[in-house]
Amino acid sequence: MKRDSRFDILFEPLKIGPVTSKNRFYQVPHCTGMGWQRPNMLAEMRSIKAEGGWGVVNTEYCSIHPSSDDVPYPYASLWDQSDVRAHHMMTKKLHKHNAVAGVQLWYGGANASSQYTREIPMDVNSRPNADGLPYQSRKMDKQDFRNLRQWYKDAALRAKEAEFDIVYAYATHHYLLHNFQLSDINDRNDEYGGSVKNRSRLLREIIEVLKDAVGDKMAVAVRFSPDDNKLINNKPVTDEGKEFFELVAELPDLWDVTSSNWDIELGTSRFVSEGANEPYMSYVKKMTSKPVVSVGRFTSPDSMVSQINRGIVDMIGAARPSIADPFLPKKIEEGRHEDIRECIGCNICYAGDQLGVPIRCTQNPTIGEEWRRGWHPENVPEKNSESSILIVGAGPAGLEAAHALGKRGYKVILSEARKELGGRVILESRLPSLSEWVRVKDYREQQFLKLPNVEVYLNSNLNVEDVFLTKADHIVIATGAKWRADGFGRNNPIGIDNLEASNQVFTPDDIMMGHCPKGEVVIFDDDYYYMAPVIAEMLQKQGCQVTFVTTSDMICSFGNYISEQFSAQKALINAGVKMIFSQNIHAYDGNNIDLKCMYTERSSKLKTKAIVMVTARLPNDKLYYKLQNLIEVGKDKFTSIKSIRRIGDCEAPAPIASAVYAGRKYALELDDTSGINYSMCRDINFGS
Ligand code: ADP
Ligand code: SF4
């Protein structure tokens, strides 16, 4: 298929200083949980994006010196020759696909406490570490400024040696260069503090250093935020931001402009929609002749074209859309819009970095597995046998297994008890703020339409006999899990004994099926993710008087890993939900809950007519065990069945990303003789 001419502009080349991008698709720097620790995985992951058509592919934040060390977060580095070799492995791959390779040079300041290197970080003043660690930075003196310029120069020269094409000064997100810009942080009274001109001095010097060192061959980019740097009631545009920008507008070769607030730039779809950065940067292009790029979690080519045509940006910046679909540019170019795997804005990808583990994605189960398992987002190995596979359950695990097995060429029977596909994503996407979850189902359903070897049966609640009747060679049980009503969870490992009024105890499944309490209700959260806050806010808005009781010290603590915690807690405060922290439920008689303090075990009473238990999920594995037992007992009778497996939530309840991954893994492991899927390659960096 040919691309629609409306999208031609996205495929026009663009000059960025001394280099040229073949098109307008710009993968902005984004973390991957790999950095300097997993160079092979990183190189292959970025290479797949170049193969998928991205004109520019950048690294994650890349430290210029050991005093800017962010361990346990896996950043990249350009400290020595071993880094040069590791990066070169990647740039060679990017160039093979005609992509421009960029590196984001980074000095963290007080935000990086250098726990690994134990070198003291320096900053505008002696500031406490923003992650809450009990360390402060050193205030920069005259020698420090000379050193910093030298470190930028050395790192830029190494970047050139590694054959990068773009080198960045990272001047936002509360790292060193950003802190110098801000009047509410920069309290210096020397030539680097005070007036806007003085506060822009360091950035101007660093741009000059980079230009002098490598500007003949490499483009110099700056990542920048002209907003007022507030987490609450953040002003996207300030006079001071504009004044600052005016002083530097023509200095670099490219501007990568974004909000300084992670929760806006990187907010989950629960709180932030497509294009949220626009108010933070829309005026920038009018003030500079240099190309401008910005992100906005754009997955629709129409929105992308509109950004360029309206003069907001010259290039479409993307991190998450390029993770969910590394082949997004190619698919637009080939007019295959229905094949685009749209990001759902869940930020599971970001959790990889925050947890110090390789990146993962709900929509793209292959991300991070390109090198160590040899997985590809678009290609699958052909089937190795004529086997047929029955998949029971069409939630994310069953859907992805059917999709990948079908693509491999196997005969697949997918049976689903409900009248529609999607399992938990269908139910959850009907809750307020989770509508984008449905893309997990939509993408896969769309793909089935092209696969005549995948037969889908809805309204088919299979029992043991039904399973045997299909005569399938392999059986996959993907029947999911249900929320528990008995209180069982991380803080009640054998459940709560004294739930006398069990008819007044609800679960998220009840709520999602439309069976909701009225009046006073307690949401008991021992799960720490999105489900309890989403239900609490919804019921409060429906007129209930909600009290949120949790064993945790905060709302949605897992949200800390996905840039959602702050927004989740703020939303409940704004909705008027009452919150009680660090309390466990001991008993409930239909009128009162006995609470116990998590720290002291002191008891108190809380009046309520209903509880919604958000504690843990119970795998729907009865069918699996029944079949397994029958097959064990009647080995001779069931010789035609080659294997039975359970996958997804039926095996171990987890975020949707894990179910999709489990489906893919099953599909790629079937009849695999290479062993690569079972014993993944380990990425070990031997250093210099
Ligand atoms: P996962 O996240 O592991 O994919 P889900 O709970 O989202 O799990 O999906 C499981 C799906 O399995 C649900 O749509 C459910 O209706 C379906 N299901 C459960 N038991 C059966 C069964 N016996 N036959 C067919 N479908 C089933
Ligand atoms: Fe998008 Fe979620 Fe994938 Fe991240 S993990 S790219 S937010 S779908």
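**Entry 1: charged pairs**

I began with Arg373 and Glu369, whose side chains meet in a salt bridge with an N to O distance of 3.1 Å. The model I am reading is a predicted one. I looked up the cover of this pair and found both Arg373 and Glu369 buried.

I then turned to Glu436 and Arg439. Their side chains form a salt bridge as well, at 3.2 Å from N to O. Glu436 is buried, and Arg439 is buried too.

Next I checked Lys142 and Glu191. The side chains of Lys142 and Glu191 meet in a salt bridge at 3.5 Å, N to O. Which parts of the chain does this pair tie together? Lys142 belongs to helix H3 (residues 142-161), while Glu191 sits in the loop between helix H4 (176-181) and helix H5 (196-199), so the bridge ties together parts that are 49 residues apart in sequence. I also looked up the cover here. Lys142 has a relative accessible area of 53% and is exposed. Glu191 has 33% and is partly exposed.

I noted one network of salt bridges, which links Glu334, Arg336, Glu338, Asp339 and Lys450. For the whole model I wrote down a count of 50 salt bridges. As a reminder to myself, side chains of opposite charge can pair when their charged atoms come close.

I moved to strand E9, which covers residues 166-171. Is E9 enclosed or left open by the rest of the structure? I found 6 of its 6 residues buried, so E9 is largely enclosed by the rest of the structure. Ile166, Tyr168 and Tyr170 point one way from E9, and Val167, Ala169 and Ala171 point the other way.

I then listed the partners of E9. Strand E6 (residues 100-106) pairs with E9 in the parallel sense over 4 bridges. In that pairing, Gly102 stands opposite Ile166 of E9. Strand E10 (residues 219-224) also runs parallel to E9, and 6 bridges join the two. I found Ala169 opposite Val222 of E10, and Ala171 opposite Phe224 of E10.

I checked E10 in turn. In E10, 6 of the 6 residues are buried, so this strand is largely enclosed by the rest of the structure. Ala219, Ala221 and Arg223 point one way from E10, whereas Val220, Val222 and Phe224 point the other way. I noted that Arg223 is among the buried residues of E10. Strand E11 (residues 254-257) runs parallel to E10 and is joined to it by 4 bridges. There, Ala221 stands opposite Leu254 of E11.

**Entry 2: the sheet from E16 to E29**

I traced an open sheet of 5 strands with parallel pairing, in the order E16-E15-E14-E17-E29. Which strands stand at its edges? They are strand E16 (454-457) and strand E29 (643-646); each has a single partner strand, so one side of each is left without a neighbour in the sheet. Neighbouring strands of this sheet are turned by 15° against each other on average, with direction ignored.

I looked at one pairing here. Strand E17 (residues 474-477) runs parallel to E29 and is joined to it by 4 bridges. Ile477 stands opposite Arg646 in E29. I then looked for helices on the sheet. Helix H22 (residues 656-669) packs on it and touches E14, E17 and E29, with a direction at about 160° to that of E29. Helix H14 (residues 396-408) lies across strand E14 (388-392), strand E15 (411-415) and E16, and runs at about 165° to E15.

**Entry 3: the sheet from E20 to E23**

I traced another open sheet of 5 strands, with parallel pairing and the order E20-E27-E21-E22-E23. Strand E20 (505-506) and strand E23 (578-580) are at the edges, each with a single partner strand, so one side of each has no neighbour in the sheet.

Strand E21 (residues 520-525) pairs with strand E22 (residues 545-550) in the parallel sense over 6 bridges. The bridge partner of Val522 is Thr547 in E22. Helix H19 (residues 531-541) packs on this sheet, where it touches E21, E22 and strand E27 (611-614). The direction of H19 makes about 165° with that of E22.

**Entry 4: a surface patch**

Last, I looked up a nonpolar patch on the surface. It is formed by Leu231, Ile232 and Phe566, which together have about 260 Å² of accessible area. Phe566 is found in helix H20 (residues 565-575). With a relative accessible area of 30%, Phe566 is partly exposed.

Conventions:
Residues are numbered from 1 along each chain as its sequence is written. Chains are lettered from A and ligands numbered from 1 in the order in which they are written. This is a predicted model: local features need pLDDT of at least 70, side-chain atom pairs count only at pLDDT 80 or more; totals for chains, interfaces and linings use all residues. Side-chain values use heavy atoms; hydrogens and water are left out. Patches are made of residues with over 30% relative accessible area and no salt bridge: like charges are joined within 9 Å, nonpolar side chains (Val, Leu, Ile, Met, Phe, Trp, Tyr) within 5 Å. Accessible areas come from the Shrake-Rupley method with a 1.4 Å probe; for residues, only the protein chains shown count as cover. A salt bridge is a side-chain nitrogen of Lys or Arg within 4 Å of a carboxyl oxygen of Asp or Glu. Buried means under 20% relative accessible area, exposed over 50%, partly exposed in between (1.4 Å probe, protein chains only). Two strands pair if DSSP finds at least two bridges between them. Contact means heavy atoms within 4.5 Å. Axes are lines fitted to C-alpha atoms, for helices over the stretch in contact, and angles run from 0 to 180 degrees between N-to-C directions.
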